Amino acid sequence: MKALLLSLGLLSLPLALSAQTPKARTTQLQQDFALKQRSFPRGGFFDIFQQQLQPAERSALEFLYAYMPSSDLLNRSGDYYLANVRTTLRARQELPWGKAIPEREWRHFVLPLRVNNEALDDFRTARYAELRDRVRGLSLREAILEVNHWCHEHVTYNPSDARTSSPLCTLASATGRCGEESTLLVAALRTIGIPARQVYTPRWAHTDDNHAWVEAWVDGRWHFLGACEPEPVLDLAWFNAPVSRAMLVHTKAFGRYDGPEPVISRTPTYTEINVIEGYAHAATCLVEVRDTKGRPVPHAEVEFKLYNYGELYTVARQRCDAQGRTRFTSGQGDLIAYASQPKGSSYVYGLKQVRFGQDKSVRLVLDHQASERLQLDLKLTPPSEAARYPEVSAEARQRNTQRFAWEDSLRTRYLDSLRAEQVFGLDARANAGVLRQFVEESPSKAKARALLSVLSAKDLRDVPLAVLRDHLQHSQPQPSIAADSALCMRYVYNPRFAHEALTPYKAALQQALPSELRQQFDRSPEAIVAWCRKEISLDKDFNPLGYPTEPLQVWRSRRADSHSWTLLCLSLLRSCGWAARLEPVTGKAQYYHEGQWHDFTLEQAAATSAVSPQGTLRLAYQDNGILDNPKYYYHFTLSRFDRSGRLHLLSYDEDANGLEQGSAWRPTFERGTKLDEGQYLLVSGSRLADGSVLAQLRSLDIKAGQEHSDSLVMRRDSTAIAVLGNFSSESRYRPLSLGADKRLSTAAEERSLLSSTGRGYYVLGLMDAGSEPTKHALRDLIAEAPALEKLGRPIALLFTDSTAAAGYRPEDRAGLPQLTFFGLDTEGLAKQLTERFKLRAGLYPIIIVADTFDRVVFVSQGYTIGLGRQLRETLTRLTEASSACERGGCTKD
């Protein structure tokens, strides 16, 4: 998964909760329900309880209403929740395991509708009968595996933006990233009464990425499975090995959960729990936060940060006790403990490397001032691999593989049926009819097409017709900006701000505004912000994850969390014809007035919005012999310190498909880029082949009207194998098979390298039509065949075209290592590698060593003396590094 959407480690309110009796839990539930009801007196959001309800219905609804985030309370009606409760109770009666599920697991992991940050839909009521019939006659364990096959029939992996589509929308598009696949599987399992939860490693420790999957409850235990990736048994997935190297695996339980898992944080709506010990060797460390005089810092918040995607990413936050202490359990690798606090008009902060498994306790001192120059070199080491696998018979594996292929064919036929329906050169999947109707019925087809052009690929696949109509027909740009059609389309007509569900709100808001108020809003965008500050009360407690509340529901309730408050302001601004946005790099809320973007915030102290004073940052970089243009997110990032010392990542994106699609040093920082005045942290890192990172941290002070020049440093360890770049293991090729005549013949269908190599490191060679360097390369491979076979790494040799393949005689290939396979380069992989690693075009062979986390650790081109020996040595070092880690011998500096 390339894009991370869920962050469970947000600041939470410390709520006391220990193991409770059923009577105590009932009393607590009643108190929580009453508090929620008192907090939202306007809008009739609790009217459903005035209806005639069965006792089981009332009990379930009270539980949902007590702990659902305020966004769900406001965005959906009581009738919606009652219909879903009735379906859930029906499943409890009709499914054979229904009554055997303990009350705790049923309430926290079956009854709740929300899984992630998706828009709630009608999946449970719409798909219950189909799923119930699908698992008829199966045991609980068999039903879990069967539902995952059902999900795979409908959906496969594809990277996309950070918005999590609803289960029904994911089904319609037939693709989803791992967060969406796991949301679908959890929703499907809960629909038939099986406790399920979405589990995350927020970021891997040994490579740049994250992942989400599912745990399902069977006979008193939680078992994991890869969503939409069915296996013959539970507790088996492609990530068994990677997750054994994780630092944190966590999930959130709806409401006040008192299960056996360690608690990371509690909020009024969920309990965040740590399940790392079910996947990896873990250790606990005590962190004591002190000031520079050695005094405890009571109730300090400690962030546990992991190097990933070029930044120190916060995987969890924990609040200290009154003595400034907190304990955290993690995989046995390195994290950075970070804490800060305001001090006068500024802040102080501290950071400390924690080696879990070695450090039993550490002292974190807040000894850095905001204005202080920080430069710190670190080596951060991930946990060693300790994978555990369940047994699978050869027959079960074969049956699953055959079924997997059949399910792929079903989904492919569905997608093929949609291709003829697509319009305007857009891939809208099942939503193509909506786009067609929208454009055809619009008086200005050009303007309708222009609106579609500013929507994301995912939005095009699930945007409702009512949303498109509302934002086209009821957007009237202010006269001062009307002539700038591009500005108006992107920041007035556009229904999208962040990752919220798109809704039609403009016509309704315009109609709801009293004429005098509308006149004020038309005269000044600041009047809109001032009105929101005065009239919308802040919900600080009941939406800790900031799920978006729809603008009309904020208007109706006059209450919102800070993020939904910002979205209402932006929605009112656009409804009144003012250009408004969340600034793409910093995420600041802004409106456009008198030729400039003005920042605005919720704080009452900000009497008026302002144009932020800015300086310029110019970064120099010296080629380190491997890398001449470091990539943002992949090699470095920049974060800004806020007024309390927290860090906020700046987003320099190139498209919507994930963090790896960031900008680079040369186009963004070489000649200088504008930044708001303030303090920043520059983080860079070189990831080594064993997963460890050579990182450097530098603080920067940007002053208004001045240029700050600094250096971007990519550290190297000449004694270790370094990651040189990336190459997708999902790249496709056309296999060549060896016939009875020892000639190579072309297969009918393409496949991915990953499907042929399996997980781990592999060798890839791109070869031309019999050049001398290529022949030498083959001979070198043959000479080292016994050693390479012993190392057991697959070797993919791809010819540039069929002519090149036909030019190789059987004797040219005799003696190659047994794990060698052949194919045709049908995707331009040679060109990709030439451009990525700045190789010479047309010079073959090109040989790389890469792994299926897309890391390249070896590159060779043309004639290379001793190529086979170099490959043997590289693969041997990789194998030795892995073995040393398994024996606990990874060094930590």
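The structure is a predicted model, in which local features need pLDDT of at least 70 and side-chain atom pairs count only at pLDDT 80 or more, while totals for chains, interfaces and linings use all residues. Residues are numbered from 1 along each chain as its sequence is written, and side-chain values use heavy atoms, with hydrogens and water left out.

I start with helix H6. Helices here are DSSP runs of H or I with at least four residues, strands are runs of E with at least two, and both are numbered from the N terminus. H6 covers residues 123-134 and packs against H7, residues 140-154, at an angle of about 120°, with the axes 11 Å apart. Axes are lines fitted to C-alpha atoms, for helices over the stretch in contact, and angles run from 0 to 180 degrees between N-to-C directions. The angle therefore makes H6 oblique to H7. On that scale, angles under 35 degrees are roughly parallel, over 145 roughly antiparallel, 65 to 115 roughly perpendicular, and the rest oblique.

H6 passes H7 in a right-handed crossing; that is, the near helix is turned clockwise from the far one by less than a right angle, with anticlockwise being left-handed. On the H6 side the contact (heavy atoms within 4.5 Å) is made by Phe 123, Arg 127, Glu 130, Leu 131 and Arg 134, and on the H7 side by Glu 146, His 149, Trp 150 and Glu 153. By class, this contact has three nonpolar, one polar and five charged residues. Ala, Val, Leu, Ile, Met, Phe, Trp, Tyr, Cys and Pro count as nonpolar, Asp, Glu, Lys and Arg as charged, and the others, Gly among them, as polar.

H6 also packs against H9, at about 65° and with the axes 9 Å apart. The two are therefore roughly perpendicular to each other, and H6 passes H9 in a right-handed crossing. H6 contributes Phe 123, Arg 124, Arg 127, Tyr 128 and Leu 131 to the contact, and H9 contributes Leu 184, Ala 187, Ala 188, Arg 190 and Thr 191. Those residues divide into six nonpolar, one polar and three charged.

Now the cavities. How many of 30 Å³ or more does a search of the whole structure find? There are four. A cavity is a set of points, on a 1 Å grid over the protein atoms alone, where a 1.4 Å probe fits but cannot get out; lining residues have an atom within 4 Å of a point.

Of its 15 lining residues, Leu 113, Asp 121, Phe 123, Pro 167 and Ala 187 are the closest to its centre. H4, H6 and H9 each supply at least two lining residues, and H9 gives the most, with three.

Last, the backbone. The peptide bond from Tyr 844 to Pro 845 is cis, with omega near 0°, and Pro 845 sits in the loop between H28 and S37. Arg 429, in the loop between H11 and H12, has phi near 50°, a positive value in a residue other than glycine.

Key:
1 Å grid on protein atoms, 1.4 Å probe; cavity = no way out; pocket = protein on both sides within 12 Å on 5 of 7 lines; lining within 4 Å. Points joined across faces, edges and corners; volume = space filled by probe spheres on them.
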